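I am keeping these notes while I look through one structure, entry by entry. I write down what I looked up and what I found.

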Amino acid sequence: MSLTNSQKLLALAYQQPNIKPENIQSLAGLTSKEILVLIHLADDLTTVELAKAMRIKPKSIANYKDRIADKLYLGGCRALRRFAIQHQEFLHLLNKEVM
């Protein structure tokens with residue numbers, strides 16, 4: 001039986017000492033596109049750069065960022081960017097292992 005992306009994410013996240021337990025469960029609720037946006041945010045890409053990289057409109061990126069911030073119980077897009085940069089190492093590991 002193979003593990004789902006969500007299960008892989010959970011297993012990987014629990015190995016990371018700097019991720020709060022409440023954030024781990026929230027991360028598991030993200031879609032693959034939302035995780036990809038978070039990974040790109042960790043690289044400090046702007047909304048326009050992110051939109052070009054994912055080949056979607058900047059407005060769609062803004063919507064993704066709002067949804068991710070809500071799902072992670074963060075105060076908004078600035079807090080989301082800080083979260084992504086603080087967890088950059090984990091997000092890049094996640095990109096290699098899950099995506």
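Entry 1. Leaving aside its neighbours within four places in sequence, which residues is E34 in contact with? I kept in mind that I am reading a predicted model, and I found that E34 is in contact with G29, Y64, R67, I68 and K71 once those neighbours are set aside. I then looked up where E34 sits, and its place is in helix 3, which covers residues 32-42. Its relative accessibility is 2%, and because buried means under 20%, E34 counts as buried.

Entry 2. Next I stepped back to the whole protein chain, which has seven helices and zero strands, so that I read the order of elements from the N terminus on as α-α-α-α-α-α-α. Of the 99 residues of the chain, 38% count as buried. The protein chain exposes about 6000 Å², and carbon and sulfur atoms supply 52% of that area. I also looked up the contacts between residues at least 6 apart in sequence, and 61% of these join residues at least 24 apart.

Entry 3. I turned to the largest nonpolar core, which has 22 residues, and noted that L27, V37, L38, I68, L72, L80 and L91 touch the most other members. The elements that give two or more residues to this core are helix 3, helix 4 (47-54), helix 5, helix 6 and helix 7 (88-97). Helix 3 gives the most to this core, with six residues.

Entry 4. How do helix 3 and helix 6 pack? I found an angle of about 75° for this pair, with the axes 8 Å apart. Angles of 65 to 115 degrees count as roughly perpendicular, and helix 3 and helix 6 are therefore roughly perpendicular to each other. On the side of helix 3 the contact is made by L38, L41 and A42, while helix 6 brings L80, R81, F83, A84 and I85. Sorted by class, the residues of this contact divide into seven nonpolar, no polar and one charged.

Entry 5. I then looked up a second pair, helix 5 (residues 58-71) and helix 6 (residues 77-86), whose axes come within 9 Å and cross at roughly 75°. That angle makes helix 5 roughly perpendicular to helix 6. From helix 5 the contact takes K65, D66, I68 and A69, and from helix 6 it takes C77, L80 and R81. By class, the contact of helix 5 with helix 6 has four nonpolar, no polar and three charged residues.

Entry 6. Where is L45 found? I located L45 in the loop between helix 3 and helix 4. Not counting residues up to four places away in sequence, L45 touches H40, L50 and R81. L45 and R81 are 36 residues apart along the chain, and their C-alpha atoms are separated by 9.6 Å.

Notes. Residues are numbered from 1 along each chain as its sequence is written. This is a predicted model: local features need pLDDT of at least 70, side-chain atom pairs count only at pLDDT 80 or more; totals for chains, interfaces and linings use all residues. Side-chain values use heavy atoms; hydrogens and water are left out. Axes are lines fitted to C-alpha atoms, for helices over the stretch in contact, and angles run from 0 to 180 degrees between N-to-C directions. Helices (H or I, at least four residues) and strands (E, at least two) are DSSP runs, numbered from the N terminus. Angles under 35 degrees count as roughly parallel, over 145 as roughly antiparallel, 65 to 115 as roughly perpendicular and the rest as oblique. Contact means heavy atoms within 4.5 Å. Ala, Val, Leu, Ile, Met, Phe, Trp, Tyr, Cys and Pro count as nonpolar, Asp, Glu, Lys and Arg as charged, and the others, Gly among them, as polar. Buried means under 20% relative accessible area, exposed over 50%, partly exposed in between (1.4 Å probe, protein chains only). A nonpolar core is a set of buried Ala, Val, Leu, Ile, Met, Phe, Trp, Tyr and Cys residues joined through side-chain atoms within 4.5 Å. Accessible areas come from the Shrake-Rupley method with a 1.4 Å probe; for residues, only the protein chains shown count as cover.
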